[in-house]
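Subject: Structure handover

Hi,

Here is the structure for your files.

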Amino acid sequence: MDAIKGLMDFIDRAPTAFHAVAAIRAELEAAGYACLSERERWQLEPGGRYCLTRNGSSVIAFRVPEGGLNHFQIVASHSDSPAFKLKPNPARTSQGCAVLNVEKYGGMLMSTWLDRPLSIAGRLVVAEEDGLRTRLVNVDAPLAVIPNMPIHFNRSANDGVAWNAQVDMQPVYGMEGADYLQTVAEWAGVEPERVAGGDLFLYNRDRATRFGVDGAFISAPRLDDLECAYTSLRAFLAAKPTGHVDVYCVFDNEEVGSGTKQGADSTLLIETLRRIALALDGAPQALEAAIAGSFMVSADNAHAAHPNHPDKYDPENRTFMNGGVVVKSNANQKYTTDGVSAAVFERICAGAGVPTQRFANRSDVPGGSTLGNIANAHASMNTVDIGLAQLAMHSAMETAGARDVEHMIRALTAFYEAEIDVRSDGWIEIK
């Protein structure tokens, strides 16, 4: 119950990737993790606990073992979710209403955003005497709505609609003359004229909740992938110190391909691992040797079999909410799981008493991708793609199994505490 409530509270406090990372960093610092700067040289101590952020929307934390550098065991997830982002000149007027000019961020189910209470959150760039600073903002009140067309003017609406993001998805936030920037600046505690820029998003105001008989399910915005970001954080903080370097990663921009300075396709992970290796063991090839013996878990939620559309799923490789952690496979390497990495992870889960399930798409239904194979191109190691089964992925409200929250925490705690010894002859020992 505590873990489920913690997840729902975390999602409610994280309307954007910036807020998610700020909340994660606060928890890490409260647990004794010292925040490092990428602009400074690192001095790492045996037994030390450290974290760093990039762009305010990605975070990495790690703890140094007492015995020096051996290998890394990494869990990676992402902080972003599909949403509507405000364009650089968002304010416009239409039919007596103040309307925001927005564009899609990521592949979303657009219709689920209609007729819901929405608001604005993100970061502002604020002009100060000595330069520019960023400041988080969350207009924590109902501010806007994307109105549907009445059925009277679109009699075929229930037969399917082709939504146009430029035409159909522009939110109304006031009457003509209303100033969204004035409201946003007030919530940020700055004067509007000092706002030099920003990255602002619409977010769904609906709060996370449990529903169903015995509270079997969770309904919330942004379950993909804040559920994995939260459960892996709980596991990372709960795990006992080991003889390897435990690493916790949350990357931004997975929903748009990860190709940013703070995404999984950046140098963030490999640069962090390199600096750890240099601080702990400056010998030539120390990093390469450590990575060769390392293991990564790429944690991003999975598709649960839909009770109304079972034909969309592979008969033997479909997964279910509350059925345990999902191990995801794809022959074309959209998921980077292979026979070795799946077997290692499933064995760790079995030892912890955590149920697992296996997912693969129908051969005629292409699936999505995630960050594991992208991160692997920069730091190549044994990697498994996992997640928790959910419905309505990329909807404004998503659904997952309540019991799976504890399943994931236990599985990833066991992963961090296990000693995975990857040997050059192909033998893998799990202690």
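Axes here are lines fitted to C-alpha atoms, for helices over the stretch in contact, and angles run from 0 to 180 degrees between N-to-C directions. Helices are DSSP runs (H or I, at least four residues), as are strands (E, at least two), numbered from the N terminus. The crossing of α1 and α5 is right-handed.

On the α1 side, the contact uses D2, A3, G6, L7, F10 and I11; α5 brings L223, L226, E227 and Y230. Contact means heavy atoms within 4.5 Å. By class, these residues are seven nonpolar, one polar and two charged. Nonpolar covers Ala, Val, Leu, Ile, Met, Phe, Trp, Tyr, Cys and Pro; charged covers Asp, Glu, Lys and Arg; the others, Gly among them, are polar.

Before the rest, the ground rules. This is a predicted model, with local features needing pLDDT of at least 70 and side-chain atom pairs pLDDT 80 or more, while totals for chains, interfaces and linings use all residues. Residues are numbered from 1 along each chain as its sequence is written, and side-chain values use heavy atoms, leaving out hydrogens and water.

Next, α10. Helix α1 spans residues 2-12, and its axis comes within 8 Å of that of α10, crossing at roughly 100°. That makes α1 roughly perpendicular to α10. A3, I4 and L7 of α1 meet V405, E406 and I409 of α10. The classes there are five nonpolar, no polar and one charged.

Helix α5 (residues 223-238) also pairs with α10 (residues 403-417): the axes come within 8 Å and cross at roughly 45°. These two are therefore oblique. Their crossing is right-handed. From α5 come E227, C228, T231, S232, R234, A235, F236 and A238; from α10 come V405, M408, I409, L412, T413, Y416 and E417. This contact divides into nine nonpolar, three polar and three charged residues.

Two backbone points to look at. The peptide bond from D224 to D225 is cis, with omega near 15°. D225 sits in α5. S258 has a positive phi, near 70°, and is not a glycine. S258 lies in the loop between β13 (245-251) and α6 (268-280). Most residues other than glycine have a negative phi, and most peptide bonds are trans.

A cavity is a set of points, on a 1 Å grid over the protein atoms alone, where a 1.4 Å probe fits but cannot get out; lining residues have an atom within 4 Å of a point. The largest cavity holds about 30 Å³. Volume is the space filled by probe spheres set on the points, which are joined across faces, edges and corners. Its lining is K312, Y313, D314, N317, R318, F359, A360, N361 and R362. That lining has three nonpolar, two polar and four charged residues.

Best wishes

Notes. 1 Å grid on protein atoms, 1.4 Å probe; cavity = no way out; pocket = protein on both sides within 12 Å on 5 of 7 lines; lining within 4 Å. Parallel < 35°, antiparallel > 145°, perpendicular 65-115°, else oblique. Left-handed = near helix turned anticlockwise from the far one by under 90°.
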